[in-house]
There are 2 protein chains.
Amino acid sequence: MVLKLYYDLMSQPSRAMFILLNKSDIQFVQCPVALHKGEHLTEKYKNDVSRFRKVPVIDHDGYKLTESIAMLRYLAREKELPDNFYPNDSKKQARVDEFLEWQHNNLRLACSMYFQLKFLIPKMTGNESDEDMVILFESRMLDALEQMESLWLQEKDFINGEQISAADIWAACEIEQPRMAGYEPREGRPKLKAWLDRVRDATNPYYDQAHVILNKVVKKAHGIQSNL
Amino acid sequence: MVLKLYYDLMSQPSRAMFILLNKSDIQFVQCPVALHKGEHLTEKYKNDVSRFRKVPVIDHDGYKLTESIAMLRYLAREKELPDNFYPNDSKKQARVDEFLEWQHNNLRLACSMYFQLKFLIPKMTGNESDEDMVILFESRMLDALEQMESLWLQEKDFINGEQISAADIWAACEIEQPRMAGYEPREGRPKLKAWLDRVRDATNPYYDQAHVILNKVVKKAHGIQSNL
């Protein structure tokens, strides 16, 4: 059974899948898709890979699936993931799900929109984004980061307790994204920083591999050398 | 094992859980929470029910869980749901998951924000919402409804094929929401309307029970008698 991953390391859930598969020792064929060249928008991609024209996508011996969290759950059934990534225990699994469902309209929406409005759209169009929109999504991002510390991490090492789970991987990949727009989520948040360090330690060398391009963009756009 | 559901029928995922539990013949204690009275914002609710101060929440013999889709998956493991609602077959289950993950930042975000900006916020504050924001989320809502027809339903009876699944229930409950803001998603969309009729038929009398309050609001605010 061949597993292919279509991905672009500029995409947060692509990075999460890249880390998950590598750290779980799951063999897969790397199928990079250059979003900046619009490779996901072609008719060929739509017909052969995903009618949603998105990344990441998995192709498991012809069965194609979009949406990274659906992919995570499918792979937890079909492959051998470390149990702590997506626990078999019903109650522990539900806690990972609870976070993964929460993050869509909180962490993901806000960090992604902030990145797009402050960095991607001005870079692609040459025009600044509407200031009210930037303010709106920046405020939602700050709320989401505050909730990461106060509601999710609290005094625990990881979101689900003492061990890293998929929730931490997905969260960290979202939180790295606004750094490309010049916002450093670690600043002034020692608890968040310590947790990001733990996530990186627990998933390296794949965490750093997944973030190589992002760190280059941060350096080029903002002159900030990553100390990661 | 006692199962409690904390819910408010003004909330889309609360309605979805209400329909799912009733239609699955799962016994549960109804714990209504009046969002318009701020009952979810009290210290007691935060401490006793959910630190996220949201609905819906389930309390399964003391185990409390927020996020309706995490709850759906937990109940699929812990209780007897009709298989078509959340299939045991790995590939079919992944298709339901694919939709449920997609809808967060598409259908849910757009329909919910449109409802809030056009109806809830003006009603609560006495001030109209920013017009640009309304336009933004209206446009996203129209895109999401178009994608419901072209990408998800296509020529099928239900999202997952011939049988109704949780994907249809969650989707329909989101799509009903903007009706309170005076927008009728059925208008000009015969395929969507026919599908909504099928979802209602397949889940009644609980679909209508879940939407009694919403239909009253639609009638009172817009003088539209529901012909549902």
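A salt bridge is counted when a side-chain nitrogen of Lys or Arg lies within 4 Å of a carboxyl oxygen of Asp or Glu. The model is a predicted one. By that rule, the side chains of B:R73 and A:E101 form a salt bridge, with 3.2 Å from N to O. Between chain B and chain A the count is two salt bridges. A network of salt bridges links A:R73, A:D97 and A:E101 with B:R73, B:D97 and B:E101. In general terms, side chains of opposite charge can pair when their charged atoms come close.

The interface may now be considered as a whole. In it, 36 residues of chain B are in contact with 36 residues of chain A. The size of an interface is often given as the accessible area lost when the parts come together. For chain B and chain A the buried area is about 3400 Å², and carbon and sulfur atoms give 52% of it. Three residues, B:R51, B:K91 and B:E101, supply 17% of the area that chain B buries against chain A, which is more than any other three residues. Polar contacts also cross the interface: 22 residue pairs of chain B and chain A are found, with both residues at pLDDT 80 or more. On chain B, the side that touches chain A draws at least two residues from each of β4 (63–66), α3 (68–78), α4 (90–125) and α5 (131–153). The largest share of that side, 15 residues, comes from α4(B).

How are the two chains related? A rotation of 180° with 0.0 Å of shift along its axis superposes chain B on chain A, with an RMSD of 0.0 Å. The two copies are therefore related as by a two-fold rotation axis. The same surface serves both copies, since 100% of the contact residues of chain B recur in chain A.

In chain A, A:R95 forms a salt bridge with A:E98, whose closest N and O atoms are 3.0 Å apart. Both residues, A:R95 and A:E98, lie in helix α4 (residues 90–125) of chain A, three residues apart, or about one turn of the helix.

Two examples come from chain B. The side chains of B:D197 and B:K193 meet in a salt bridge of 3.0 Å, N to O. B:D197 and B:K193 are four residues apart in helix α7 (residues 190–203) of chain B, about one turn of the helix. B:D197 is partly exposed, with a relative accessible area of 27%, and B:K193 likewise counts as partly exposed, at 36%. The side chains of B:R179 and B:E176 form a salt bridge at 2.7 Å, N to O; here B:R179 and B:E176 are both buried.

The interior remains to be described. In soluble globular proteins, nonpolar side chains tend to be buried together. The largest nonpolar core of this model has 144 residues, and those with the most contacts inside it are A:M148, A:W195, B:M148 and B:W195. Leaving aside residues up to four places away in sequence, the residues that B:M148 touches include B:F99, B:W102, B:L107, B:I159, B:L192 and B:W195.

Terms used: Residues are numbered from 1 along each chain as its sequence is written. Chains are lettered from A and ligands numbered from 1 in the order in which they are written. This is a predicted model: local features need pLDDT of at least 70, side-chain atom pairs count only at pLDDT 80 or more; totals for chains, interfaces and linings use all residues. Side-chain values use heavy atoms; hydrogens and water are left out. Copies are superposed by least squares on the C-alpha atoms of residues with pLDDT of at least 70 in both. Contact means heavy atoms within 4.5 Å. A nonpolar core is a set of buried Ala, Val, Leu, Ile, Met, Phe, Trp, Tyr and Cys residues joined through side-chain atoms within 4.5 Å. Buried means under 20% relative accessible area, exposed over 50%, partly exposed in between (1.4 Å probe, protein chains only). Buried area is the accessible area (1.4 Å probe) that two parts lose on being put together, summed over both. A polar contact is a pair of N or O atoms within 3.5 Å; within protein, one must be able to donate a hydrogen and the other to accept it, and residues adjacent in sequence count only if both atoms are side-chain atoms.
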